[in-house]
Each structure stands twice: as C-alpha cells, then as structure tokens.
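Hi there,

Here is the structure I promised to pass on. Please have a look at it alongside my notes.

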Amino acid sequence: MNYQLLKYNSISWDSYTDGPGRRVVLFLQGCEYRCPWCHSPHTQDMELALLFFESLCIGCSRCEKNCPAGVHSFSAGIHQIHRERCTGCGLCVEGCPQSIEGASGTVLKIVPKTSSIKSIYDLMRPQLEYCGALTISGGEPLLQWGAVKELLALCKAAGVETAIETTLTADERAISELLSLVDLWLVGLRPLEKNNPLLNVPDESITTRNLGLLSKDRVCIRYPIIPGYTDSSESLGTASDLMERAAIRRIEVLPFNQQAGHYYLSLGRQFNIEDLTATNLVNQAGDFFRSRGLSVLITQ
C-alpha cells in the first residue's frame, strides 16, 4: 500500500483533556483561521518554522557552531535568532543539549515534521496499545483528510477508539469519507458574530450542513470563552441555536489556555492579549447553555 505523507506538529502521549479518558493526541499542522486568541500559533502554517524557547537556553552556543546559515548568534550573552535565514536543516536542534527529540521542554524545535502514515502509526502504536484511544487535533486535521483517513483505518483495525477535534468547516467530502472511522467528533465552534471586524468567521451554513452529516451521539461541541470575543449573548445564543437545529446536546465550555503566550514568543511574535482568564464568564456561559437544555461540561 502506498501511504500518504502527513505533516504534524507534535504528539501528546498521555492526555486527559482532548476527549474522554486517557489517550494519545496527534497535533497536525495547518489551519486556515487566525483567531486572535489562538493558543497554538505554531500549528497554523504549513511552512517550516523555528521555535526558540529562550528561558530554557543555557547559552552554550553549540547551535551557532552547528548552523551553516548563520541563524544563531550570541552577543553579550544574548542568544539572537535570524529566522529569515533558516532553511529547516535541523542541525542546530541536533547540536543543542537542551533540545531532545520527544521531550516536553526543548530550547529549539523545527515544525512541522513530515512522516508516512505507517511510520507515525508505528511510532504511536505502543502507547495506543496501552491506552486504546487517539485524538487527531491541530491545526485543522481535515485539511489533510486523505492522510487522516489512512491513519484512522489503521487505528480502527487495531481496535483503537478515535476522535477528531475540528472546526468542521471543511469540504463535505472530507467529512463523509471519515464518518465510519471516527467515534467522536469534537467540534470547536468559532464565535458567530457576523458584524465583528476582528474575526475570521466561517460561514454558519457550512457548519450547520456538516453537523447534519454526523451521528448526533458522536458529537460534542467545544466552545472557548474568550472575553470580548466569544462571551457575548449573541455568540452564546447563536451557538445554542445552531446546536438546537442540529439536535446536538453536548457542549464543553473551555477557558482560555494560559500557556499561549510562550508559543508566540518562540516564533518571535508578539501576543497582544495579556490575560483572558475569566472563570466567572466560563461559569456564566455554562449556566446559559444549561438554560437552553444542553448537557454542559466545564473544563477548568
């Protein structure tokens, strides 16, 4: 069998927050949206990018010695990154004693990684056999739906429970091809305020159409509460109306991920939203959805 190639960002080997129970989470690369609060900016672009987590750097300068393109330099003890020179060769990562492949905290990282379906499945298989469940997240995994289909087929043949976390704004064919292979669809709703100029808002009719393709008992809506973006009565009401039309009852209300800022800094970008913690708003949203007859889970 000729397997497709898959572009992925990272793997979480032991997650309890991306679907029910214990599971492996594969984060794929690529997303068409640019939400201002996105907590995974390093998964957005398909092009190679160098991540640098400055707080973990010990200043050994081995990356500077290894890099043939002059991406790294040190001046007065400060590690400077010239990303425009990076070719993605990865020699700096190989030379860095603080950048171990697969470790949870590394100084340097090149994303995305490219793998055949068989190779990525074989890499995950021991842990999948242990915990029995896989969530494919992103980015937006449906942008690579052909490769995702092959991977899910391998998982289902091995008895692995499967879930996909998605905006569900892909082409109808992408969803139809995966219906028999996905046990749970975790559908992240974007704010649905049509008049907000700051938001790249998907066409509500696409979301509604695609929800109609899914078995209702296999869908859980995931809704992030971002003050000033997704917490308005208009957004909450529109989300509830959409769920009512689609006959979907389960919704998970999520707080803002406080770890977002360091990913922006690792890309050399500014994160302009300083603090979006609002536990009271999360609870208020939960109460609103319950008043609409929905089954609500609040994740803190």
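Below is what I found in it.

A word on the source: this is a predicted model, in which local features need pLDDT of at least 70 and side-chain atom pairs count only at pLDDT 80 or more, while totals for chains, interfaces and linings use all residues. Residues are numbered from 1 along each chain as its sequence is written, and side-chain values use heavy atoms, with hydrogens and water left out.

Let me start with the sheet. Nine strands make up an open, mixed sheet, ordered β7-β1-β2-β8-β9-β10-β11-β12-β13. (Strands are DSSP runs of E with at least two residues, helices are runs of H or I with at least four, and both are numbered from the N terminus; two strands pair if DSSP finds at least two bridges between them.) The edges are β7 (113–116) and β13 (295–298); each has a single partner strand, so one side of each lacks a neighbour in the sheet. From one strand to the next, the twist averages 30 degrees. (Axes are lines fitted to C-alpha atoms, for helices over the stretch in contact, and angles run from 0 to 180 degrees between N-to-C directions.)

Within the sheet, β11 (residues 219–224) and β12 (residues 250–254) pair in the parallel sense over four bridges. Pro-224 has Leu-254 in β12 as its bridge partner. Helix α9 (residues 279–291) packs on the sheet and touches β11, β12 and β13 (contact means heavy atoms within 4.5 Å), its direction making about 170 degrees with that of β13.

Finally, Leu-48 sits in the loop between β2 (23–28) and β3 (49–52). Its C-alpha atom is 6.8 Å from that of Ile-110, 62 residues apart along the chain.

Best wishes
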